[in-house]
Structure formats: structure tokens, C-alpha cells
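Q: Could you walk me through this one? I'm new to it and would like to go a piece at a time.

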Amino acid sequence: MREIFEILEQNARVTPEQICTMVDKPSEEVEKIIKQAEKNGTIIKYKAIINWLKLGQEDVWALIEVRVAPQRGVGFDAIAERIYQFPAVYSAYLVSGTYDLAVLVRGKNMQEISSFVAEKLAPLEQVQSTVTHFLLKRYKENGVTFHLPKETNKRLPITL
Amino acid sequence: MINIKSPTTKAQDSLISQKVATLPPSGIRKFFDLLSSMEDVISLSIGEPDFVTPWHVREAGIYSLEKGYTMYTSNSGMPELRHELALYLEFRYGVSYHPEHEILITTGSSEGLDLALRATINPHDEVIIPNPCYVAYPADIILAGGAPIPVPANEENNFVIRTDDIEARITKQTKAILIGYPANPTGAIMSKKEADAIATLAKKYDLLVISDELYARLVYGAEHICFPSLPEMKERTILISGLSKSHAMTGWRIGYVAAERRFIQALTKIHQYTMLSAPTMAQMAAIEALRNGEVEVERMVQEYNRRRRLMVKRLNEIGLSCFEPKGAFYAFPSIKATGMYSEEFAERLLVEEKVAVVPGTAFGPCGEGFVRCCYATSLPDIEEALRRMDRFIKRNGLNKA
């Protein structure tokens, strides 16, 4: 079963028929597993990884370190929830170390991000401090490299 | 590529050795030239992984250069590498080799095969080989001064040579049996029973067994039988293997030979005069591959398995009946239903649909009626290649067998 998800994680556009051949299981079974996973949230979403830079429309990204005060009974979850529901927040993680939440924010320009930090994030009561790091270059995301030239096939056309 | 059927060149040039001049030439030179001149070809005729060597292994190679490991190593190879290999063979197949005396690092398994033959063959000794088989087997035997004795490995017998057929060809001159399972070009593996039968035969006639197990790690839903791990076989087997296929390291040229001391001593004699030592940087990378490469090997095997299932299923669907290959990364479908010869099929498929496969006859006359399709290529390419083959077959019709 795990293999089905590994295949989909690599390429969400593989059809159930292709998967059933690859994992050597009947197609009904594969379709059932996928349907169920879509329903119960094992598969959350199918999406494409876009290199917006190619379109000349790259957004501005910032990684924000957020220090917060945990609350009784709910720990970090309640404040995290307050934060990650903002549409500008692309990813949010609770981390160990010198700060608590690592928040990846996406905006059209620097202005948009700084106003998000100044007006939305920093004023929250539990937020003690923020440090904003603007992303300068994206090298690798979701296991995909952005700037490396694609490793082309250097094999001879025929070898025995 | 050796085409046994094609006429041998006569030794016109007195400066070229008779043996080399009369060595059968490549049967697919024309095919290769044609292929190289075309664009947008999907090639299923490649015999190496499409994966680039895993990064941690490449990085170890780079590091070795940075640290200045640019000198020869000992003739037998770096002690650390031989040690890792001894552990690996013991762990994987339960066969123990002494890292000091029973393992030799070679420049690719090709060198190992050449050494094994040259170190053991006397003039006119006969060596049993499967047919079809990897192209270097007959050529290397001839160059070592021996005579290749092909034994048909038929589809009816899962492309494994039958002991009856071997026994029928054993003469006073028979010195060795050279086997290579998992097999190139058929993808066949050898079962325990079949291996045991060959072992019994080897004992009965006191034959040497040269076992080329380069594809040992690429088996699917089956266990690889390491020939020297069979009872009493270590003493008469020369095991040849390497990291090229398992760790996607073809270009690094790292192979090894494992055998009892007397064999390794003999092979090392030739190796020390002809090769000195395998490339140092590649040996360093190989150590890293053996120490930390298992996850990557398993990932690649899993990926090959998916492609294998897809290719075999599609080949059967389009009417090319295909034996289920349980090893290596080749499918060996029968094209008899098209009524074409292998070479004709391969050439027309290339010209008409731009898909390259290798005619089975490239691997010996018993390969007639088959083509080799390598599935070590991306899934989309496999799918597109099979769509084109489907079109080709529909256009040319089946049934003329």
C-alpha cells in the first residue's frame, strides 16, 4: 500500500491503471485505496510545482522566526492556528531551538510581507518577537531542485 | 557485439594478430550508426542504469580527489574496499571470503571476466556458455585461447541452460562453465534447483565455474542464488561482480573477483602487469557505496520493478509474448508472431517508429526471434515506446509466424 502513495507522491498524474501494473495489484483494489485515502485525508491534495521565475512572476517569500508564549491547556497549537490560517502563510512548523514557530510567508512584494508581519503577526498577543528572513534564492523545494540543470541522459544510445 | 553467424574477417593485415583479426565483428555496427544519426529516438537498447550515481557516492569520489588520493593502490585494491566487500558477500549470501587473499578489485567486472578466463584457460580448452548470453563471453574466451561451447538457453526452460544439454557437450577439453544469472539479455534468473544441478555437474566432471553475478542485486520477487554459496562450490567457483548495475556506477569501472586464494593469486598476476590497480577515486567511491548505499540500491530496485511490470504487461498486450524476467533490467519478448527476423524487426522498428531495441541475435543465434528491451529508462519513455511499438505491430500485422 505504501508503494502506491510513493508513486503518487512522485507523480500525481499517474493513472490508477498504471499504478496497478506497477505494483501488481488489481485495479479495483488500487482505486479503492486511493479513493479512501482521498476521503480520509491521507492524500490531502494534488498539485503542481511551478517555477514562477520562468514566467517572470516570482513572488516574494520570507521565512519568519516567531517566538511565542504557549498557553495553558493548548500549548502552541492555539497560537499556531491563529497564525497559519492567514492565507499569506504558506507553511508553518513548530520547531525546537531558539524560536518556536517557523513560518514561511508568500507575498507579491516585500511591502505585502512586511505589512503582514507588522499588522497581523507581530501584534498578536502571544507573539513575543519575530525575525524576518527574505528568501534570496530557492535551490530545492519538495525534493525538486530549481537551479541545477536537469541531469540529462548521457548514456550512449546503445550498449550491450 | 559478437555475431557468431556473420562472416569473420580474414587476417589480411600481417601486423594484426590472427586471433584478433578473425574475431567475429560486431553484428550491429550498421544499426548503431543508424541509431546515432537519428533524433528523437527512444532507446530501449541501452545496457546500463538511467540513474546517475547516488550523490553521496559521487561526493565521496570528489572528496577523494580533494584529499589527493591520486596514486596507485595495492594491486588487489584498497584493503578497506576488500574488507567491505567481504562483509557484504557474507551478509548478503552467507559466503565468506578472506579480504586479504580471496578478493581482487578490478577495473569493472569486464576485467574480472577477462582475467578469470586468461588465468585458467589453456589453448583449446572448452568453456560452456549459455546462448544467448552477454556478448563478451564468447569473445573473451576466444581471446584467452579457448573455445566457447554454446548451450541453448531456451524460453521453454526459462532461458536457463539445462544440465542435459550441458552434459551432452562436455568433452575431455571442457574446462569450465561460464554462467551469468540474472542474465543479460534475457532477464532470467537461476533457481536453487537449477543451480544445484549445475553444481552437481561441475563436481562430476571436475569443472571450474565462472559465475558472473553483476546483476545479483536486481532481482524481483525472488532470491538471488550466489553460486559459490552452494555446498562445495566455493572451491571451484570464480565469482565475478561489480557495482556498476547495483549502484548505478557503470562509468566508475569498479568490479571485483572473489575466489579461493589460488585463483586470486593467478588472476592478480595478470592484473598487476596489465592494470596495476583499479582507479583510486572510484575505489573510494565504492567504499562509500557499500557502506551507505543500501537505501539507494533498494530505491532503484523498487523503481526498476515498477517499470518491469509495466513493460512486460504492455509487451504482452500488444502481442509480443514476453517471458517474465525476474532479474536484471531487460525484457526479452518474442517477436516470432510478426514473422520477422530479429534484425529486420529492430531495424524497421527504428526506422519506422524511432524505437531502438537490440536484436536477440546480437547475443547468439539462439536469440533469433527475440529482441532485448531495456526498462532502465523513464516510465513516460517506456510508455511512449510501447505505444509506438503497438502502432508498428498493428501496421505490420501479426500472425505470419
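Q: How many residues does the contact take from chain A, and how many from chain B?
A: The contact takes 11 residues from chain A and 20 residues from chain B, where two residues are in contact if their C-beta atoms, placed from the backbone, lie within 7 Å. This is a predicted model, in which local features need pLDDT of at least 70 and side-chain atom pairs count only at pLDDT 80 or more, while totals for chains, interfaces and linings use all residues. Residues are numbered from 1 along each chain as its sequence is written, and chains are lettered from A and ligands numbered from 1 in the order in which they are written.

Q: And how do the residues on the chain A side divide?
A: On the side of chain A that touches chain B there are four nonpolar, four polar and three charged residues; here Ala, Val, Leu, Ile, Met, Phe, Trp, Tyr, Cys and Pro count as nonpolar, Asp, Glu, Lys and Arg as charged, and the others, Gly among them, as polar.

Q: What is R155(A) in contact with?
A: Leaving aside neighbours within four places in sequence, R155(A) is in contact with I46(B), E48(B) and D50(B). R155(A) sits in the segment after β6 (144-145) of chain A, strands (E, at least two residues) and helices (H or I, at least four) being DSSP runs numbered from the N terminus.

Q: Is R155(A) buried or exposed, or something in between?
A: R155(A) is partly exposed, because 17 other C-beta atoms lie within 10 Å; a residue is buried with 20 or more other C-beta atoms within 10 Å of its own, exposed with 12 or fewer, and partly exposed in between, with C-beta atoms placed from the backbone.

Q: Switching topic, in what order do the four strands of the open sheet in chain A come?
A: The order is β2-β3-β1-β4 in chain A, with antiparallel pairing, and two strands pair if DSSP finds at least two bridges between them. The edge strands, each pairing on one side only, are β2 (89-94) and β4 (127-134) of chain A.

Q: How many bridges join β2(A) to β3?
A: Five bridges join β2(A) to β3 (residues 101-107) of chain A, and A92(A) has V103(A) as its bridge partner in β3(A).

Q: Which strands does helix α4 of chain A lie across?
A: Helix α4 (residues 77-84) of chain A lies across β1 (60-68), β2 and β3 of chain A, running at about 165° to β2(A), whereas helix α5 (residues 110-121) of chain A lies across β1, β3 and β4, at about 20° to β1(A). Axes are lines fitted to C-alpha atoms, for helices over the stretch in contact, and angles run from 0 to 180 degrees between N-to-C directions.

Q: Over to the largest nonpolar core: which members touch the most others?
A: Of its 125 residues, A116(B) and V257(B) touch the most other members, a nonpolar core being a set of buried Ala, Val, Leu, Ile, Met, Phe, Trp, Tyr and Cys residues joined through C-beta atoms within 7 Å. Helix α10 (residues 280-292) of chain B gives the most to this core, with seven residues.

Q: Why does this core lie between domain 1 and domain 2 of chain B?
A: Domain 1 (18-52 + 296-394) and domain 2 (55-292) of chain B both give residues to this core, so the core lies between them; the domain bounds come from an automatic or database domain assignment.

Q: Last one: where is the peptide bond from Y181(B) to P182(B), and what is its omega?
A: That bond from Y181(B) to P182(B) is cis, with omega near -5°, and P182(B) is in the loop between β5 (174-179) and α8 (192-204) of chain B.
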